[in-house]
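Here is a short briefing for a first look. Please keep the sequence and the model side by side while reading.

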Amino acid sequence: NTTARNAPAAQALLLALLQSFRVEELCKCSDIKAVVEALVPYTERHFERLEEALQRTYALDFTLHAMRDALGADDGADDDAEMLAWGIDTAGALAVRSEGEEEEEEEERVKVQEVEERV
């Protein structure tokens, strides 16, 4: 879980473990507090990296759209309102695509917090 290359697999494994065991069972494990404290910074770092990547996609969409407009390319939009709606739809689609990932990460964070609180 320490590198971005292995983060998706490590986070998936962590989520599977947290979903497979009840908080009470996890609290019975020796040194669980140290394990959780060690995992939190990496999980937060990977989440921040994904958030930044998502924000960069918005900037890329905006730039692409502006380039099309500047070059006079017709992307099927007749006016600025439709262009704005296209941008909102594109951003919404990206957000929806990442919602599942965000929900999984939030569930993981809640489980980790529960374990931390009980230890």
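Contact means heavy atoms within 4.5 Å. Leaving aside its neighbours within four places in sequence, Leu18 is in contact with Leu26, Glu108, Lys111 and Val112. This is a predicted model, where local features need pLDDT of at least 70, side-chain atom pairs count only at pLDDT 80 or more, and totals for chains, interfaces and linings use all residues. Residues are numbered from 1 along each chain as its sequence is written, and side-chain values use heavy atoms, with hydrogens and water left out.

**The core**

- The largest nonpolar core has eight residues, among them Leu18 and Leu26.
- A nonpolar core is a set of buried Ala, Val, Leu, Ile, Met, Phe, Trp, Tyr and Cys residues joined through side-chain atoms within 4.5 Å.
- Buried means under 20% relative accessible area, exposed over 50%, and partly exposed in between (1.4 Å probe, protein chains only).
- Helices (H or I, at least four residues) are DSSP runs, numbered from the N terminus, as are strands (E, at least two).

**Helix α1 against helix α3**

- Helix α1 covers residues 7-20 and helix α3 covers residues 32-71. They pack at an angle of about 125°, with their axes 11 Å apart.
- Axes are lines fitted to C-alpha atoms, for helices over the stretch in contact, and angles run from 0 to 180 degrees between N-to-C directions.
- The two helices, α1 and α3, are therefore oblique to each other. Angles under 35 degrees count as roughly parallel, over 145 as roughly antiparallel, 65 to 115 as roughly perpendicular and the rest as oblique.
- From α1, Ala7, Gln11 and Leu14 meet Leu39, Thr43, His46 and Arg49 of α3.

**Gln11**

- Gln11 sits in helix α1. Gln11 is buried, with a relative accessible area of 12%.
- Leaving aside neighbours within four places in sequence, Gln11 is in contact with Asn1, Thr43 and Glu108.

**Glu116**

- Glu116 lies in helix α4. At 32% relative accessibility, Glu116 counts as partly exposed.
- Leaving aside neighbours within four places in sequence, Glu116 is in contact with Val36 and Val40.
- Glu116 and Val23 are 93 residues apart along the chain, and their C-alpha atoms are separated by 9.8 Å.

**Asp31**

- Asp31 is in the loop between α2 (23-28) and α3.
- Asp31 has a positive phi of about 60°, although it is not a glycine.
- Asp31 is exposed, with a relative accessible area of 60%.
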